[in-house]
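Hi everyone, thanks for coming. Please have a look at the sequence and the model on the screen, and then I'll walk you through a few spots.

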Amino acid sequence: MFDERSILTDPEIETQEAQAPEQAKEKRVAIQFPLIIIRTKRFSKIFDRLGAMRASHYISWILLVLVPFVAGVALYLIVNSLIALINNPALGEISREMGPQAILMLPGINPMLPIVYGWIAIVVAVVIHEGGHGIIARNVGFDVKSSGLLFFLFVPIGAFVDVDEEQVKKARARPSLKVMAAGVGGNFIFGATCLLLLLVLVSGVSPAVNGVYVNSVVDGMPAQEAGLMPKDVFTAIDNIPINNATDLQTIINSKTAGDTVWVEVIRGDNWQQQYATNITLTISEDNRTIMGITTYDLQTELRLENYQTFSIERLSMYMVPPTLASGLVPYSDFLAPFYTHSLGPVWVILANTLFWLWFVNLNLAIFNALPIYPMDGGRIVDILLKRFAGNKLSGKAIQGITLSLTAICATRIIATIVLPFIL
């Protein structure tokens, strides 16, 4: 899950800043080591211009309707994660191996989040989130006091928009809800757009090579002496095409120690180099005929077909980071060299960028949609309770309901973190 509090100024902090003395609020640069906050009003014209567009009015309604759906997805994912951890010990093992830092969307700390792609995705996601608040705030007539960037030391990690909290509190429920929904909805729509573009991009990918990949070559064994190297790909043995590891093993098993086989492999950039040689087989300690290699079955066509066949049931496949499942994702560092695209090598960069934009925006939308105060979802619940139950419930009762929902969701999130180390 994505913890927005770790990378940007959330509404609670913004409220505190709005109550601070005018002199403190007017500081352009505030340093709270290791955080550096730079405030400016230069983005106000952008918010004014975009907020004044008629399209912003319709978009605000779309985003507002979208938030309950995102919240439902978020709750489903939390519950489903707990069930999966209980029923599948392998998932718990993976979580333990990655460590508790895997829950933090911080490149360099989270082991599955690449530094360059990760920071790009995080900065873009937060700018969209906060920018959505600012644009819709101006559309409904709220003031945006300031906006700015948040740095960790000198690395940009987020953005913030300081909407006038007094106006939000005194306004009718509808405009306040629109402002709160803008961040979640904006992230979700942008993330879904990136996913669609990723699917279109991957639809143009085709296998560059197929066969059996050589993971390693054992020192002093026949394969090394014959000149085979790691990262070679078997294409034929004794002039018989090799499409998978089963084909290779069947031929080897039909031989005995001392037999010679003619092997053909390809290697090098774009698999342009061909190499063929004789290999005299030997016997292993457990009496198996071997040449002294470890292999990996590429099955490039099958893997690509599985990934390119999109369906709602298979949506979870497109949520798996390439750094976590390098043997499944075509644009992972491991599999990408075995595929080609009309765009050339740049397709891999584009695919990874689109994936991480989709992944981070989705996580940010999901976390903020949860009824956790003071995140957007929690504030939406609080506004709705005051609007529809304000005449029947006291302010203290409404606050109690909001905090109870926060505690329930927070407990479930904590459980997904702790369970792998308990079960």
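I'll start with a pair of strands and then turn to some backbone angles.

First, some housekeeping: this is a predicted model, where local features need pLDDT of at least 70 and side-chain atom pairs count only at pLDDT 80 or more, while totals for chains, interfaces and linings use all residues. Residues are numbered from 1 along each chain as its sequence is written, and side-chain values use heavy atoms, leaving out hydrogens and water.

Find strand β9, residues 260-267, and strand β10, residues 273-280: they run antiparallel and are joined by 8 bridges. Strands here are DSSP runs of E, at least two residues, and helices are runs of H or I, at least four, numbered from the N terminus. Strands pair if DSSP finds at least two bridges between them. One example is Val265, whose bridge partner in β10 is Tyr275.

The two strands form a hairpin with 5 residues between them, and Gly268 in the turn has a positive phi of about 85 degrees. Trp271, in the loop between β9 and β10, also has a positive phi, about 55 degrees, although it is not a glycine. Is Trp271 buried or exposed? Trp271 is buried, at 13% relative accessibility; buried means under 20% relative accessible area, exposed over 50%, and partly exposed in between, with a 1.4 Å probe and protein chains only.

Lastly, a cis peptide bond joins Tyr373 and Pro374, with omega about 15 degrees. Pro374 sits in the loop between α12 (346-369) and α13 (376-389). For context, most peptide bonds are trans.
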